[in-house]
Amino acid sequence: RVVVQHRSRYHYPRPARLGPQLIRLRPADNTRARIESYQLLVEPEHRLHWLRDPHESRARVTFKAGQAVSELDVLVEL
């Protein structure tokens, strides 16, 4: 068994308004590796929509309109 953890953290020099983000950090459902658990954590507050097809899985993350943030943090663990 293996645990894989990937973190992307972006710091902005001044508050930024974030547009929609596509996150491609999940194995496709047809992969041979068995995924026992999966966790995707995103900060700041957001809405998450999964887009799946036979070849890949993506998450579309949207943020509160007009919200300015100083950091975006994405953590995936599987």
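Student: What volume does the largest pocket have?
Tutor: About 230 Å³ for the largest pocket. Keep in mind that this is a predicted model.

Student: Which residues line the largest pocket?
Tutor: The lining consists of Arg1, Val2, Val3, Arg34, Ile35, Glu36, Ser37, Tyr38, Gln39, Glu77 and Leu78.

Student: How many of the lining residues are nonpolar, polar and charged?
Tutor: Five nonpolar, two polar and four charged residues.

Student: Changing topic. How many helices and strands are in the protein chain?
Tutor: The chain has zero helices and six strands. In sequence order the pattern reads β-β-β-β-β-β.

Student: And what does the C-alpha trace span along its principal axes?
Tutor: About 45 × 25 × 15 Å.

Student: What percentage of the contacts link residues 24 or more positions apart?
Tutor: Taking the contacts with a separation of 6 or more, 73% are between residues 24 or more positions apart.

Student: On to the inside. Which residues make up the largest nonpolar core?
Tutor: There are 11 residues in that core: Leu18, Ile23, Leu40, Val42, Ala59, Val61, Phe63, Val69, Leu72, Val74 and Val76.

Student: Which strands each supply at least two residues of this core?
Tutor: Strand 3 (39-43), strand 5 and strand 6 (68-77) each do. Strand 6 gives the largest share, with four residues.

Student: What does Ile23 touch?
Tutor: Leaving out residues up to four places away in sequence, Ile23 touches Leu40, Val42, Ser57, Arg58, Ala59, Val61 and Val74.

Student: Ser57 is on that list. Where is Ser57?
Tutor: Ser57 lies in strand 5, which covers residues 56-63.

Student: Buried or exposed, that Ser57?
Tutor: Ser57 counts as buried because its relative accessible area is 2%, and the cut-off for buried is under 20%.

Student: And which residues is Ser57 in contact with?
Tutor: Apart from neighbours within four places in sequence, Ser57 contacts Ile23, Arg24, Arg26, Pro27, Ala28, Asp29, Leu51 and Arg52.

Student: What share of the protein chain is buried overall?
Tutor: Of the 78 residues, 24% are buried.

Student: Last one. What does the accessible surface of the protein chain come to?
Tutor: About 6000 Å², and carbon and sulfur atoms hold 46% of that accessible surface.

Key: Residues are numbered from 1 along each chain as its sequence is written. This is a predicted model: local features need pLDDT of at least 70, side-chain atom pairs count only at pLDDT 80 or more; totals for chains, interfaces and linings use all residues. Side-chain values use heavy atoms; hydrogens and water are left out. On a 1 Å grid over the protein atoms alone, a cavity is a set of points where a 1.4 Å probe fits but cannot get out, and a pocket is an open set with protein on both sides within 12 Å along at least five of seven lines; lining residues have an atom within 4 Å of a point. Grid points are joined across faces, edges and corners, and a volume is the space filled by probe spheres set on the points. Ala, Val, Leu, Ile, Met, Phe, Trp, Tyr, Cys and Pro count as nonpolar, Asp, Glu, Lys and Arg as charged, and the others, Gly among them, as polar. Buried means under 20% relative accessible area, exposed over 50%, partly exposed in between (1.4 Å probe, protein chains only). Contact means heavy atoms within 4.5 Å. A nonpolar core is a set of buried Ala, Val, Leu, Ile, Met, Phe, Trp, Tyr and Cys residues joined through side-chain atoms within 4.5 Å. Accessible areas come from the Shrake-Rupley method with a 1.4 Å probe; for residues, only the protein chains shown count as cover.
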